[in-house]
Structure formats: C-alpha cells, structure tokens
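Please look over the structure shown here.

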Amino acid sequence: MPKWIKITIGITVSFIIFFLIGGYFIEQMLKSSLPEYSGELETSTISKNIEIYRDSMAVPYIFAETDEDAAFALGFLHAQERLFTMDLVRRAGEGRLSEILGEKTLPFDKMFRTVGIKRNILKNLNQYNPKVLSLLKSYSDGVNLYIREAKGKYPIEFDVLGYDPYEWEPVHSLIIVRLMGWELNMSWWVDFTFAQIIQKLGKEKALEILPDYPENAPYIIQSDYKKYTALNSSLIETDKQFRNFLGIYGTHLGSNNWVVNSKMSESGKPIIANDPHLAFSAPGKFYAVVIKSKDLSSGKAGWNAAGVSIPGVPGIVIGMNDNISWTMTNIMNDDADFYIEKIDSSGKNYFVNNSWKELKIFKDTIKVKDADNYVYEIKETHRGPVISDIHPGTLLFSEEQIKMPAISMQWLGNEFSDELNAFFNLNKAKSFLEFRNALKDFSLPGQNFVYTDKKGNIGYVFAARVPLRKSNNPTLIFDGTTTENDWRGYVSFNELPYLLNPPQNYIATANNKVIKNFKYHISNLWEPSSRIDRIMELIHSKDVHSKEDFMKYQTDINSPYAKIVTKYIFDAFKGIKIHDENLKKSLELLSEWDYEMNSQSQAPAIYSSFLNHLLRNTYYDELGKELYNQFVFIANVPFRSILQILESPNSSWFNNITTNKIETRDEIIRKSLSYALTELENKLGKNVANWQWGNLHKVIFRHSFSGQAAILDNFINIGPYNIGGDGTTIFNTEYPFFDANKEIGLLDHEEYENILGPQMRFIHDYADPDKFYIILTTGQSGNVMSDHYSDMTPLWLNGKYMRICTNETDIRNSKNKLFKLLAE
C-alpha cells in the first residue's frame, strides 16, 4: 500500500475517533443538565419529608405533609424541567431581557417597564392573601434549591447566552400570572386599528368592517378622530414583536370546553373536556402534575389537586380535586382602554376637566448587555401610563415612525387582584358554592369556568372584572381631556352570569358571546361562531356521549365557517363559462367537499388559499400594507368581518380603488380563486392531486432559539408535521393572515404555518373519578436532551391521551420512579 494512502487512512481514522470521542463528551456534558428522577436530596427549607413519584412520561406525583411543602416541591420540579423558560418569561415581565440579549430586546423592556407590571405588583404586595404569600415563598425556595444544586449544570441555553439565573422571588410568580393576562387580552388592538382606519377612510367606511356577533349564533347562556394628530401603532407593533420573540404568534387565544351531565353521558356520570388554544412553542405552556397534601391548617380540605400547572406558578389551573373538576376558556373581556392626552409644552402636566394636572414622572434605567445603560422617563396620568413613548425604533422597523399624540392606557392588569388566591381556593373547593366564591378573586385574564362534581352537578361561572363604562361599545380611543369616559368602578360579581344545572343538560363555550343583551360592555372580539356551532352540532348528534366521543370531538376538523364561505364561490361562478381545467377540477372538488379540513385532501388547500386572497383583494387596496397587517393580525376580526360584507354584493370594499372600473363581490371572488390556483400551481405544481392541505399547512413547535441556524433548528425544534384543521375548526390550527417579514426574523413565518392550537387536552369522566385523560403538545421537559422533550407530540398529533391516576395506593404500588426531598 502506498505511503500516502496509509497517511490518508490514518488521518481519516484519527478524525473519526476524535469526533466520536468529542461527540461523546459533548453529549455527556449536555446530559449532565438533565434532572434526577430517582434519589434523595436534603434541605432545611421544608418541614417534613416529601416524596415525588414520576411515571414513564415524567408526570410527577407529589406527596407532602403541608401545603407549603407541596408548593416547595412543585417549585423544585418546575425548575428542574423548565428553568430557562421560567427565567426568560420573568425577565420579560420585569423588563430585564436586555441584560442578557442586548439592544435588540430594549423595546420590550421599555414596554413592560412603562406598562408597569412589576411596579404595580410591588405597590399592592401587602394586599395579597397571607396564605398565598406563604405558598409563593415556599415555591420560590423550591426553585432556588434547584438553582443552587444545578450550578455549573444548567440547561444549555444558559451556557449559550453566558449567564446564570438569579434567585426566584414571589413577585416573579405574580408577574407570570399578569403576563398571561397580557397575552390573552386582544381587545385593545382593535382600539388602535379602527381608530387608524377611521382617520384614513372615515367613520362610515370603517364601521362596515367592524365585526358584529351574529344574532342567531349560539350564546353560552341562552336567551370624531379626524381632529387628532395621526395615530401610529408603536405600542401594538412593539407588542407584536414581543409576542413573536416569545413564540406568542397566534391570536385565536381562546379554547373549547364543554360538560354533559348524567342524562347525556353514556357512563351515567358527568364528563367534562377542555383544550386551551395558545401559541405553540417548545416546550409548551403547561406542566402536568398530581399534588397531594394532608395540610388541614387552612380549615379546608388538603391540597389534593391534579391537572396542569404553569411553570413559574404554584397550583393547578385546569384539572380536578377529590370533589370537583373545572376547565377554562377565554371570555375575550375588553380590559383596556386608551385616551388621547393633552400635555403642556413642559411635558410635566396634562389637561383634564378644564384644568392642568401634574403628571407622575420618574426615571428608570435598563441595563443592556455590551452597551451603555438606557435611561428614560416614565409618565403616568390618573388612568395609567403614557404609552405613546414606546417606540420600537430603527432596530425593528425601517420605516420612519409617525409622531403621535400622547396616549395613556388604563389596563385591568395594573389594578390589584389575587388570581392565585382564587386558584388555591379553587384547588380545594368541594362544591359549586365554594367554586363560585373562589372566583370572586379572579380578575384577568377573564375566563369562562365550566364545572362538574362527583354529585353530578354541572355549572358555569363568568370569572372576570368588567369595567363600568359610560359607553356600551368602547371600540375606539377616547378623548383624555375629560373624565367622561373613565371607568366608574366594576360590575358587581353578583351581576355577572353563572349557571348551575341548566335544563339543556350540558354547557359549552368556545369564546363565543356569553349572553345576549347584557347591559354592560364585555367585548367586541368574540370568536367566529364556527367552533361553538360545531360543538353544539356534535352534542346534539347523540342522546348520550362517552369519553371516547369527547376525544374524537376534540380533534374534529369540520368547519361550518368554510361551508358558509364556499357557497359564495359557487354563486359567483353560476353562468360563467370555464375553460381552465384546474379551475374546473377545483370547483368540482369544492362541490363534493364535506368541509373536513383534512390534511390529505385538496379542497381545504383550495379553500384556504382562496380565503387568504379574498381578504387581501377586499381590504388591502384601501388599507395599505401596514394597516392591512394590523387589521388581519387579530384573526377573528377578518374572519367575522368578511362574512358581514359578503352579504352585500355591491359593498364598496369589494371595489379595487387602484383600477378604473367598479368591481363587485362576485368579480373579487372569481379573481381570488384564480389567484389561489396560481399560488397552488406555483407552490405544489400543476397536478391538482398534489394539492393536499398538509403540504401547505404544517406545525412546528419552535424553541426560543429557533431561526438562528437551520442545523440548530433541526435539533431544538419539534416538527414540521402535516396537519389538518384551521382557525375555525374545533381542533384549532390557526395560521396567520399577516405578511411574513423575511428581513425581520421576529416577524418571519411560513405561509399557512400552524402557529397556535390546543396546548393540551383534558377529559374527566366521573364514572372513573380517580382517573383523567390528558396530553400536552411536546412533553414535560424543556431540556432538549431529555427523552421527555417531545415524547407526547406523536400522541397529541394522533388524538391519543395519557391516563393519569390520582389514587394514592395505585400510585405508590406502581413502577414509578421515586425521588425524596428530606427535611434536615
């Protein structure tokens, strides 16, 4: 063998050995951050020993002697599996992202410091229930035990960013609760968007596309701006960037839940179901856990609750205890208003009720990695912070910002409310009365709580604080020079709707309008009635239902909305001679379609592309790029608006103002379908057989580092997977209508990418009271090296569930792994 061949082989073998050994050591280093599921750990911060069992999917079962010890264990577990996500979210709420990420996150820090989430929590800290503060202290101690024990072995994200987490404090958990309120409230987006539309096009034109809830759709309970300086969207653009930064892409921020009583249950016992719709991410939002505490010191039952928790917060938010089960969907409560303020030339006073009042002004300093500290002023009126100074700047936007008037914000999240006390009492409630009383403390995000119990009762509680306003339809920005439109208090809890054992024997909610002709304003942002229509159709399709039926319902992909829209396509092509073969075939497929948004079918792809182009061909010419993207960003707005104007064949919105002719509805429909076929041919080829919906509509559960490099994405992201459904199906698989921005990574997305949907599915049948069924989107762990980072995804995709047992004897006799926290 020639010498050069021997040398080449030797070098090659050496490199292979080097990379194998190097890869082994890197893998071991990464795996060193994985939590221990078996073993013991001593600590002086608990009163008695705690036992933690874990099953094959890493769901923990906590056995503690006191509530505080149970909270401690939950804090320890959350930190073990989700520390980086917890740290990122608390930093966001505190306005401390720039300390680790530099100038690119400065707009987010400035936004949340101006809004004042942490500032207002600290101001009201002494109003929280002492028991809640005690639990938060214990929970924080549990998080901090892990932070100390894991030093030098933190998840890889900390090493990549080059920092260690700081100690957890009770205020951080309260911040996370408030951030959920910020994420789930979308009403205030419409205030800005419609104010801008009025300024541009006039009130009458704008009111044509302001959505209204259909009068015949199901209810949960049966029965001038021209004078102001041009408004811009700096706050909502900054918030949009922030949502994308944290993976909060979607806007169908709702859910489905329903319950049937024994008369409509195959098992003869109530069955309850829930699937909350939130933006997808890896890891997901929830963490499944079973909590068992014997503590009777509070005068209530022990803390024996099970279901899902939110990492960073102690307690079960959706689930069951020994006596009741509860689920939630978003009310869509309008909990923010905006006011145009008149500020004097000194910038220190604002004009209200014919006199000048002094602004509250204070300086704040944001630490910025690899840059000087950023010092700025925060101004507040009696209503709340002046938010018009929150500008994203050239860092995020290339277009010059328009100078806007001073605008203040009144937001319910800056008022005191004790949601954690509500959840703690909810976790221990034994009856509907205790359940409803617990929710007196619940303010935001406003939720439809649906209930059942072991005695066979079913119920509903509207849990939200509703501002009392002069106007019953406050969709636009108010004049701040008068207190005429200030909030006048809140609707009394006793006036808020609730149900107990309704005669129809079921309760269902899907972010639809709560009650007809309620005398107080709740919202203008109800979801399209498509999901609730389909839920009602399924409930009325059988006399009795099983838990297996409920599992099928939760993954149902039939769209009543698509059925309504498609009819207009057929009408538009009546009497039209068709020559194009793909157009002829497409109309044929749509005519045979059962309105199932099946990932393997072509009709859903044709319809979805058509709808996308219909929205653009209807609104874009009048609104322009920026305003169009704001209008469609809250997806339920265009979904509802287009249905309204489709009823008017000659609506001026169908006319393209850039052409010389006057277009009608049917012309725009034909044009939109033509554009859709061109899009499908360009993306999927001329053969209609290849136009399956799943070839366009895919889901990816993205890590917060996603988008930095393709090779890294393959390692940290979960997916892509072809998926059915859309934003109007029970199995909500929303895709965005707004333009992707390839230049700004934070606004980048693939067309038709599924960005939001059920973060978990929960079903409980009281025929087997000690067991419930649940599945998460990804897994229990946020550690990319863990076997439990993505082990639930195949089950979630295929409509499968884990069965969780809450019986103590069964848990202890199982083959679950045991970890003990020992009291020193």
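**Briefing on the predicted model**

Arg 702 and Glu 753 form a salt bridge, with the closest N and O atoms 3.0 Å apart; a salt bridge is a side-chain nitrogen of Lys or Arg within 4 Å of a carboxyl oxygen of Asp or Glu. This is a predicted model, in which local features need pLDDT of at least 70, side-chain atom pairs count only at pLDDT 80 or more, and totals for chains, interfaces and linings use all residues. Residues are numbered from 1 along each chain as its sequence is written, and side-chain values use heavy atoms, with hydrogens and water left out.

**Salt bridges**

- The pair links distant parts of the chain, 51 residues apart: Arg 702 is in the loop between strand E21 (698-701) and helix H21 (710-716), and Glu 753 is in the loop between strand E22 (718-722) and strand E23 (756-758). Helices (H or I, at least four residues) and strands (E, at least two) are DSSP runs, numbered from the N terminus.
- Glu 753 is buried, with a relative accessible area of 5%, while Arg 702 is partly exposed at 22%. Buried means under 20% relative accessible area, exposed over 50%, and partly exposed in between (1.4 Å probe, protein chains only).
- Arg 113 forms a salt bridge with Asp 364, at 3.1 Å between the closest N and O atoms. Arg 113 is buried, at 14% relative accessible area.
- Lys 771 and Asp 768 meet through their side chains in a salt bridge of 3.8 Å, N to O. Lys 771 is buried at 17%, and Asp 768 is partly exposed at 33%.
- The whole structure has 41 salt bridges.

**Helices H6 and H12**

- The axes of H6 (residues 130-149) and H12 (residues 419-428) come within 9 Å and cross at roughly 90 degrees. Axes are lines fitted to C-alpha atoms, for helices over the stretch in contact, and angles run from 0 to 180 degrees between N-to-C directions.
- In H6, Lys 131, Val 132, Leu 135 and Leu 136 meet Leu 420, Asn 421 and Phe 424 of H12; contact means heavy atoms within 4.5 Å.

**Strands**

- Three strands form an open sheet of mixed pairing, in the order E15-E10-E18. Two strands pair if DSSP finds at least two bridges between them.
- Strands E15 (406-411) and E18 (478-479) stand at the edges with a single partner strand each, so one side of each has no neighbour in the sheet.
- E10 (residues 336-341) pairs with E15 in the antiparallel sense over six bridges. Asp 337 has Gln 410 in E15 as its bridge partner.
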